[in-house]
Amino acid sequence: MVAEHYGGNYLILDRFLEVVDMQPHKAFIRFEEETYSYRDADELSSKAARVFLQSGRLRQGDTVALLLGNKPIFLLLWLGLMKMGCSVAFLNHNVRSKSLLHCFSRCGARTLVTDEVLVTNLGRSAEFLEAVEEVLPTLAEQQVHVYVLADRCEISGVETFNDKMRRASSEPVPKDLRSGVTLASAAVYIYTSGTTGLPKAVPISHGKIWAMSLCVSFIGLTSKDVVYASLPLYHSAGFMGCTSAIENGRFVLDHTSVRRLFRDPLRSKGHSCVKSNDRSHRVRLALGNGMRPEVWKEFISRFGEIQIREFYGATEGNFFLLNYSGKVGAVGRNFYLHRRYFPYSLIKYDVDQDEPCRDSAGFCIRAAPGEPGLLVSEISPDAPFSGYERDLQQTEKKKLHNVHKDGDTYFNTGDLLTVDREGFFYFSDRVGDTFRWERLLFYPAAVRFKLTVVLHRWKGENVSTAEVADVLTFLDCIKEATVYGVQVPGQEGRAGMAAITVTGGRFDSVRVFQHVEEFLPTYARPRFIRIQVRKSEISPPQAQASLRGLICSSGTGFRPPWTSPAPSSTPRPGWWRKGSTRTGSRTPSTFWMKKPGVTSL
């Protein structure tokens, strides 16, 4: 059915409305103790759309930004705004202050919808309304209209939404309100680091939403499957789980509804937590990216022969890999569609110079089989690169010209991969000034739900070292800062290290902690502060090589379960991340970032 309509302007919304007609009472979303049928979602999304229509502020082609957690209202608002022909920007609910304003300005929205508070599955709360109130004067100057999902709000300039939605009509929204929307129109904006700098808004067209959804269907999902979406909906992978469910009329189970039944199966304070009933589940398939080979093997050994489908792709990219055969550790495999429609190349990359290696004729040099190379994919009508919204400079930076012949243009993924002789790809590292701070969370199957499919991803975010360095240097006590990622044995991804020079020789640890906590999201906060007693012009790799150990805080009972990496004269390419300055010292002091009063090591 999808193939029949895909040549026209058949949107994922049209598919949703078809499922509403065919299976109105089928469960669509399960959240905590609530279940929403397809008809429920249709009626509630129409009510949400009518709140915006009655305001008179929105029309076809406008953009609305959402600063929300994983709740059904997130998807209901998205569906409602699609019915009006509007696009939706998914703001990362961890960002605050300057970063929040930056992200908001990139999508061109003039309406913002937020929540009062989000309670996460770890019991922590995120004060959304407080974050918005902090930047409200700037939003008011830009004539941005702000809604909060509440019945009452005493903050001037913020309008309530829930009371209006309750009174609104649930009648279908006229189709002519979106008559000008095509597959090429922007459906959503999803933010990505793009491997460098502040987050960038990536326009995702209605056609690309179809492509992403169909990729999930290729792994063998059926309409009887239940999709367990454990990821933030502002991530493309989390959102893809929901759109793919609509494509095949499936049921989406949000992670909060089963959080009490799930536990981290691979570690509990660094120890195994194997249980006798680990294989008593009905999960048959897991889809995601970032699973290390050793974790992959342990997961299968413990939970049984669950089919794991690893994939690789960038939100803004024009290239996608899928490990459809289940080869442990591989992120994908080359097949004929790549060669015919999506030409790619792995080229040699000079990490020190931060640029591809070129031959005497000026063309890029292909990496040998098994050799790490920068993955680039040719930009063409079949594989377009839409770039970043309102950021032409960063868009151009992602393009490589004259790669293998004069006039060709390739998309620079910013990732180093290797490929073996069988055509399997393996992730090696990332280039640019970002690193990934990650925590791995896998969950066994629930006993109350038939979870046949699990969408997983490493719980990671891309961290811009330049952004973190800028925030640190706002403080009077910090003169310069270099931020880079360090690998920590026994831990996933990289932890942030900030090497700083202090003003007047005095470091205010309490003020630094409070400042970092206020202005940076949790994942972007440096885990280590390294004080440079005497400034010298050495690079972050040299700074890391001189680090002998991480001294732990005394009197707290806390000791990180690792030691520092051994110095190496031949570091692996990309093992450090560039910062905004170059600093170093001969006698560093290192701080583990904890609560005020616990940072002295």
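This report walks through a predicted model, from its sheets and helices to its charged side chains.

## Ground rules

Residues are numbered from 1 along each chain as its sequence is written. Since this is a predicted model, local features need pLDDT of at least 70 and side-chain atom pairs count only at pLDDT 80 or more, while totals for chains, interfaces and linings use all residues; side-chain values use heavy atoms, with hydrogens and water left out.

## A seven-stranded open sheet

Let's start with the sheet built from 7 strands. It is open, its pairing is mixed, and the order is β9-β8-β5-β3-β4-β10-β11. At the edges sit β9 (158-160) and β11 (200-205), each pairing on one side only. On average, neighbouring strands here are turned by 25 degrees against each other, direction ignored. As for the angles, axes are lines fitted to C-alpha atoms, for helices over the stretch in contact, and angles run from 0 to 180 degrees between N-to-C directions.

Now for some of the pairings. Strands β5 (residues 111-114) and β8 (residues 145-148) run parallel over 4 bridges, with T111 partnered by H145 in β8. Strand β4 (residues 87-90) is joined to β10 by 3 bridges, also in the parallel sense, and F90 sits opposite I190 in β10. On to β11: β10 pairs with it in the antiparallel sense over 6 bridges, and there I190 faces V202. Of the 7 residues of β10, 6 are buried, so this strand is largely enclosed by the rest of the structure. Buried means under 20% relative accessible area, exposed over 50%, and partly exposed in between (1.4 Å probe, protein chains only).

## Helices around it

Helix α6 (residues 128-141) lies across β3 (63-67), β5, β8 and β9, at about 160 degrees to β5. Helix α8 (residues 206-217) lies across β10 (186-192) and β11, at about 80 degrees to β11.

What about helix α2 (residues 12-22)? Its buried residues are I12, L13, D14, R15, F16, V19 and V20. Among the elements covering them are β1 (27-31), α3 (38-55), α4 (72-83), α8 and α9 (236-247); contact here means heavy atoms within 4.5 Å.

## A strand covered on both faces

Strand β30 (residues 528-531) has both faces covered: F528 and R530 on one side, and I529 and I531 on the other, are all buried. Its pairing with β29 (residues 494-502) is parallel, over 4 bridges, and M497 stands opposite F528.

## D62 and its surroundings

D62 sits in the loop between α3 and β3. At 25% relative accessible area, D62 is partly exposed. Its side chain reaches the backbone nitrogen of R59 at 3.0 Å. Leaving aside neighbours within four places in sequence, D62 is in contact with R57, C86 and S87. V88 is 26 residues away in sequence, yet 8.6 Å away in space, C-alpha to C-alpha.

How many salt bridges does a search of the whole structure find? The count is 15, where a salt bridge is a side-chain nitrogen of Lys or Arg within 4 Å of a carboxyl oxygen of Asp or Glu. One of them joins R302 and D278 (2.4 Å, N to O). R302 is in helix α10 (residues 293-303) and D278 in the loop between β13 (251-254) and β14 (285-288), so the pair ties together parts that are 24 residues apart in sequence. Both R302 and D278 are buried. Another salt bridge links R430 and D415 (3.1 Å, N to O), bringing together strand β24 (residues 424-430) and strand β23 (residues 409-419), with the two residues 15 apart. R430 and D415 are buried too. Salt bridges that share partners also join R57, E159 and K164 into one network.

K399 and E396 also meet in a salt bridge (3.2 Å, N to O), but K399 is partly exposed at 23% relative accessibility, as is E396 at 36%.

Then there's E316, in the loop between β15 (307-313) and β16 (320-322). E316 is buried yet has no salt bridge, and the nearest side chain of opposite charge, K398, is 4.4 Å away. For that label, Lys and Arg count as positive and Asp and Glu as negative, while His and the chain ends are not counted. E316 does have a polar contact of 2.7 Å with the side chain of Y388, made through its own side chain. A polar contact is a pair of N or O atoms within 3.5 Å; within protein, one must be able to donate a hydrogen and the other to accept it, and residues adjacent in sequence count only if both atoms are side-chain atoms.

Definitions and conventions: Two strands pair if DSSP finds at least two bridges between them.
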